[in-house]
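Let me put the structure up and jot down what I look up.

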Amino acid sequence: MGNRRKSRELAMQALFYMDMSRNDSNKMLERFCDNFSPPKKMVPFFLKLVKGVIRGKGEIDSIIERFSDNWKLNRMSCVDRNTMRIAVYELLYCHDIPYKVSINEAIDMGKKFGTKESGAFINGILDSIRLALEKEEIHVKDTIQIRSDQ
């Protein structure tokens, strides 16, 4: 398994943990890292994803809800919700990652950690977001810069 894939999985697990705790503070992230010790080579991308999602959560969640017909975020499974948050963060702010890669990684994570419907559910929403981005129908408010040492 590649370092970025493992970083994404750890990021989803950390976001899941914080989501279930209803606490996305640095202290909760530190607690997660103390218990699950991400390998050093994965830490920069892992932290970029987790901190990026946390900082951009309002915008990211708004976009996910906009493209998820009749589904409020709080009705989605915690795995699906946090997997899509990571993918949308990547779609919006990680311009070095092709859309297809972010979407396929999210689908694979949904299949691995979610329900049997997670892959299709995640794919449908993320592909709609991708199309809107390509048509420039989504305008990103700010660029969220995350350094791994923040």
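Some ground rules next. I'm looking at a predicted model, where local features need pLDDT of at least 70, side-chain atom pairs count only at pLDDT 80 or more, and totals for chains, interfaces and linings use all residues. Residues are numbered from 1 along each chain as its sequence is written, and side-chain values use heavy atoms, with hydrogens and water left out.

I looked up rings: those of Phe, Tyr and Trp (its six-membered ring) pair if their centres lie within 6.5 Å, with planes under 30 degrees apart stacked, over 60 edge-to-face and the rest tilted. The count comes to five aromatic pairs. Phe 32 and Phe 36 make a tilted one, at 4.8 Å centre to centre and 35° between the planes. Phe 36 is exposed, at 53% relative accessible area. The rings of Phe 32 and Phe 46 are stacked, because their planes are at 20°, with centres 6.1 Å apart. I also noted one aromatic cluster, formed by Tyr 17, Phe 32, Phe 36 and Phe 46.

Then I checked Arg 130. Is Arg 130 buried or exposed? It counts as buried, at 18% relative accessibility. Its side chain makes polar contacts (N or O atoms within 3.5 Å, one able to donate a hydrogen and the other to accept it; residues adjacent in sequence count only if both atoms are side-chain atoms). The partners are the side chains of Asp 127, at 2.8 Å, and Glu 134, at 2.7 Å.

Definitions and conventions:
Buried means under 20% relative accessible area, exposed over 50%, partly exposed in between (1.4 Å probe, protein chains only).
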